[in-house]
Every structure is written in structure tokens, then in C-alpha cells.
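Thanks for coming, everyone. Let me put the structure up and walk you through a few parts of it.

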Amino acid sequence: MIIDLRSDTVTKPSKGMLDAMMSAEVGDDVFREDPTMNALEERLAHMFGKENALFFPSGSMANQVGIKLHTNPGEQVICDKYAHIYNYEVGGVAFHSGASCKLIDGDRGMFTAAQVKEAINPSEYYYSQSSLVEVENTTNKGGGACWDFQELEKIKHVCKTSNLGFHLDGARLWNAMVAKNESALQYGEIFDTISVCLSKGLGCPVGSVLIGDQDIMKKSLSLRKLFGGNMRQVGYLAAAGLYALDHNVERLAQDHKKAKEIGVELSKLSSVKKVEPIETNIVIFELHDDVDEAHFLNNLKEKHIYIIGMGSHKLRMVTHLDYTDQMHEKFLGILQTLAL
Ligand SMILES: Cc1ncc(COP(=O)(O)O)c(C=O)c1O
């Protein structure tokens, strides 16, 4: 039995999802004539209380188009030093939008409204113009941490008074909403644009959706075309998304429970220096300085358990839809007996 905890993106579509995909009614989405895609986009726009939603083949593309909607070349995006858009999207903010990132030194990928205020550039002509604040919920590099919604409201207030856009990288927003019992409408109310991913916790093979009001979204279709992201009979993928929204959101609580249980066992290992707080499905832990990371990873690999390194002696595990109860029992047992 292989236990793959490298990411929640390793899931494969279930039988129910595949059946829904195979029986999808499709059309040419470039003509906007795919009824299943239209239904998915309408459903998500409505869920977040927004006028518009657009499907993308990846979370990176949805984020990068989102950033481009808010910025002009030379301008600045305020985000955390851990932000996915800064660390793991190939410098896309600079490449696609000609913008730079002003990094905030936050806590597990999260920052405060006061830090945003400080990060906004003065309006003198020689400064780069601050035009967007970007947050990530949950935070990936921050170990699946969930933002305090009241802090987000305070940041929204700063954005409003300083005329800044507010974009949410909600790749794992589903996890945050389940963990904190929050609603999509709450998020739709404070963010101008939101990207959500269907192929992480929700178990779809492909897809992210960018959501916003008509005003800000009006160039999104042509930008998606420019980025090479327009597709034709894409309703097969939309059907997976609709299925996931019906079946795979509430169950995320099970992934969170399993992650916390893994954390308890990890913290008992003599080789583990620290397990970061576990709020959702991501477990980040640090090895003691004298522990050989490659040896630790190999030891698990020999037992068919796959996890990944994050640099700085930190390792990551992510629980997901295909990490079954049986695998969980087995893995906890291995951790209990392992002299790692
Ligand atoms: C927080 C976050 N945002 C965006 C992305 C990008 O998604 P994709 O891999 O679909 O481009 C990821 C992927 O892991 C992510 O974790």
C-alpha cells in the first residue's frame, strides 16, 4: 500500500466523479456554449455573491490573471513573504503583470491590517504605486493556517480607504471555511477577486475558478485567452467540479482530523524538533539540526510513505480524499513504532 502525503493534489477522480464527467453535456466553451461549464461558473459566482466566475486550467493561471486585472506594469502587489504567488508561480507577477511584490514579514503566511498600512508606498512620483493586497487562505507554506476573518475585514477597510484591490488566493479556501465554519458569501463580500481550486482538497483532476464582479472581471476572458487558457469541450471538467461541490466539501473535516492525529504522533518522535500548529489538512514539522533529512525521508519511502521537504529542515504532509482510514491506521501505527 502506497501512502502518498506529498500533496492534496495527488487524488484521482472517484467512480462517482468519473460517471458525472462521462455523462456531461458539453459544447464549445470558447463560444461560451458549454452548458455544464456555464452551470459551474454560475453556481460559483452565486455561491460567493458575485456577478462573474471564470474557469482556469490551474490555480497559478487564475491567480496571475487576477493580479493582472488589478495592476499595471511598474505597480506593486502587497503580500506575505510566504505567498504562493511570490514563491511558487515562477515570478509570474513580474513576468505577466510587470509588477513587483512588497513582502510583509507575517506569521505563518498571515499579516495584520497595521502591517498593510505600513507597506503601502507614499504617493510621491518616484515610488512604485501600491495597487493590490493579496492574501492566501489557507496558507500553504504557513502550514494550512486559517486567517482571522476580523483581521481580513480590517485589511479590506485599509484597501478601501487607500484605493487598493483585494485578491484572495483561495486554493484551499474550502478547508478554511469548513474548519472555521465560514461561508463563501462572507468572503465574496470583502474580496474583489477570489481564486478557488477544485483539484486540491476537492479531488477534481483539473481546475480553478476566478470569481469577481463584472466590473473587475471584464478583461478576464481575453486575458485567459492571452495566457493560452481557453479550452473547448471543457464541460467534462466542469462536471467534476459540480460533483465535488456536492460531495467533497463537508468531508474535508475528516482530512483535518487525520492531520491533527498525525501531528500528535509526530510530536512524540525524538527526531522531530517542532510540529507547527495544525488547523486544516497540512502538517509542517521541523527536524532537529542533527537529523539527516534525506535519511528521514528515505526511511519513510522504504515503507512506501511519501512526504516532501520544504527547505530549512522542514517537512510537509498533506491529508486528502484518497488518504483512506485504512492508510491512516497504518501510518499512525508506523509512526508509533518508528525510531526516526
Ligand atoms: C496556495 C496555492 N495557491 C495556488 C496554487 C497553484 O495551483 P496550481 O498548481 O493549480 O497552479 C497552489 C498549488 O499548490 C497553492 O497551494
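Start with strand E13. Lys314, Arg316 and Val318 point one way from E13. Leu315 and Met317 point the other way, and all of these residues are buried. Keep in mind that this is a predicted model.

So how enclosed is E13 by the rest of the structure? Five of its five residues are buried, so the strand is largely enclosed.

Now its partners. E10 pairs with E13 in the antiparallel sense, over five bridges. Gly309 stands opposite Leu315 in E13. E12 and E13 make a hairpin, with two residues between them. In the turn, Ser312 has a positive phi of about 55°.

Next, helix H15, residues 325-337. The buried residues of H15 are Met327, His328, Phe331, Leu332, Ile334 and Leu335. Look down the helix axis: these buried residues fall within an arc of 160°, so they line one face of H15. On the other side, Asp325, Gln326, Glu329, Gln336 and Thr337 are exposed.

What do the buried residues of H15 pack against? The list is strand E1 (3-4), helix H13 (252-266), helix H14 (293-302), strand E11 (305-306) and strand E13 (314-318). That takes us back to E13, and on to H13.

H13 has 15 residues. At 1.5 Å a residue they should span 21 Å, and the end C-alpha atoms are 21 Å apart, which agrees. Its buried residues include Leu252, Ala259, Ile262 and Leu266, but also Asp255, His256, Lys258 and Glu265. What covers them includes helix H8 (173-180), strand E9 (272-275), strand E10 (282-287), E13 and H15.

Last stop, the ligand. Among the residues that surround it are Ser58, Gly59, Ser60, Asn63, His84, Glu89 and Glu136. Asn140, Asp169, Ala171, Arg172 and Lys200 are there too. A polar side-chain atom of Ser60 lies 2.6 Å from a ligand oxygen atom. For Asn140, an N or O atom of the side chain is 2.9 Å from an oxygen atom of the ligand. Asp169 has a polar side-chain atom 2.6 Å from a nitrogen atom of the ligand.

Definitions and conventions. Residues are numbered from 1 along each chain as its sequence is written. This is a predicted model: local features need pLDDT of at least 70, side-chain atom pairs count only at pLDDT 80 or more; totals for chains, interfaces and linings use all residues. Side-chain values use heavy atoms; hydrogens and water are left out. Buried means under 20% relative accessible area, exposed over 50%, partly exposed in between (1.4 Å probe, protein chains only). Helices (H or I, at least four residues) and strands (E, at least two) are DSSP runs, numbered from the N terminus. The arc is that of the directions from the helix axis to the C-beta atoms. Contact means heavy atoms within 4.5 Å. The expected span of a helix is 1.5 Å times one less than its number of residues. Two strands pair if DSSP finds at least two bridges between them. A residue is near a molecule or strand if one of its heavy atoms lies within 4 Å of it. A polar contact is a pair of N or O atoms within 3.5 Å; within protein, one must be able to donate a hydrogen and the other to accept it, and residues adjacent in sequence count only if both atoms are side-chain atoms.
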